[in-house]
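Subject: Structure for you to look through

Dear colleague,

I am passing on the structure that we spoke of, and my notes on it follow below. Please read them with the model open beside you.

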Amino acid sequence: SILKEGNFTKGSDPSTQSHVSINDVYYNRTLINEVTLEVFTGNRHPNKVKTARAVNGGVYINNVVTYFNGTNITYGNLNPYQKNIKLEGSDGLQFGKSLSSSSKPNVFDNKKIQDVQYKYSGKSSYGKINSLKYKLDEGALKTDYKENNEKKFEYDGVFNISNSFKLPLGSSAGYFSHVSEEVIGDVKIDGQKVQELAGGVQNFYSIEPISGFAIESQRNEMLSIDVHEKYLSFPDLDKISGFIPIMNVESSEKIDESIFMSKYGFVNTYTDMKFWFRVVFYPLSALCIIAAGIFFFLLRRINNVSSNYSVLSDNSSFKNENQRLVDNAEEHGKVNGKYEESKNGQDSTRMEGIDAND
């Protein structure tokens, strides 16, 4: 790969250019499959840092092919699918910032000319660097997943890369991991079934979640020839149905811990602070809320008890109430007395008037 440096301060994007050589036996010459990948620097789009911006100058997935224009052989861009499929994957060196357990990072594989999706599998660490581990998402390798139909994804677990190299090729996880035996056929390598060799296959990225740097990665893939169809040029292959393994490729990458810690150690410190903040602050906040709830509950209970006690024990209140009742009774008695005197006076006057008439 060749890195073409860009002016970071102006937001221009560096690009990597990869060459994949395939020996074409028929023409007895080597064909070059050239892919130019441009990626975002993150200057203007932080969440898209190192994400593919264009491939071979186009914003949709395409590859460069050779063709005869009538006078000589030249190159041109060709869409290998029936639909314009946008680029979403990273170049695998850095991913968007602030990744979490719900993130599903994509890696643009310029050999497959398509995105490869990974999913969260747990926390990990590389030396003093804390990271999140994402493994190959087998669910995204299904024929009915998103745009896999447009990508002519014919078999679960196997990428169809025929259009990338103009050969009936398939690419899968190492030793056909996660591919059914019915699809691959009875394939053996050095006398062993591939299912027996697939146990140690790993495809993962360990990513520092704040900066998005890939700390460690391991990829294991199988390249094979698809012989499910009949090929007139090779009648002997008619007896075979499945995949013929060509090679199993293992690759791994690890970041230099000392360089990362010297330049980006503050990111790891920030991650640690966030971790301890959550470990200490969240439980402490919960305890404070519970304590506050208990305090206000007890305070309300105490206030209610004090209020009832004051009503029941305040003698002056009873005295005042009793005095009011006594005063009312005495006043009522005086009124009754005056009423009786007035009534008696009226009765005596009436009787005197009757006597006088008699």
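**A serine in strand β9**

Ser 131 is buried, with a relative accessible area of 4%, where buried stands for under 20% relative accessible area, exposed for over 50% and partly exposed for what lies in between, as found with a 1.4 Å probe and with protein chains only. Please keep in mind that this is a predicted model, in which local features need pLDDT of at least 70 and side-chain atom pairs count only at pLDDT 80 or more, while totals for chains, interfaces and linings use all residues. Residues are numbered from 1 along each chain as its sequence is written, and side-chain values use heavy atoms, with hydrogens and water left out.

Ser 131 has its place in strand β9, residues 129-136; strands (E, at least two residues) and helices (H or I, at least four) are DSSP runs that are numbered from the N terminus. The side chain of Ser 131 makes a polar contact with the side chain of Ser 124 at 2.8 Å, a polar contact being a pair of N or O atoms within 3.5 Å, of which, within protein, one must be able to donate a hydrogen and the other to accept it, with residues adjacent in sequence counting only if both atoms are side-chain atoms. When neighbours within four places in sequence are set aside, the residues in contact with Ser 131 include Ser 124, Ser 206, Glu 208 and Ile 215, contact being heavy atoms within 4.5 Å.

β14 and β15 form a hairpin with six residues between them, and Gly 212 in the turn has a positive phi of about 85 degrees.

Asn 62, in the loop between β4 (52-55) and β5 (63-68), counts as buried at 7% relative accessibility. The side chain of Asn 62 reaches the backbone oxygen of Val 55 at 3.0 Å, and a polar atom of that side chain lies 2.8 Å from the backbone oxygen of Tyr 60.

Lys 50, in the loop between β3 (29-39) and β4, has a positive phi of about 65 degrees although it is not a glycine, and Lys 50 is buried, with a relative accessible area of 18%. His 178, in the loop between β11 (169-173) and α2 (181-184), also has a positive phi, near 70 degrees, in a residue other than glycine, but His 178 is exposed, with a relative accessible area of 51%.

**The chain as a whole**

The secondary structure of the chain comes to five helices and 16 strands, and 34% of its 358 residues count as buried. Among contacts between residues at least 6 apart in sequence, 51% join residues at least 24 apart.

Definitions and conventions: Two strands pair if DSSP finds at least two bridges between them.
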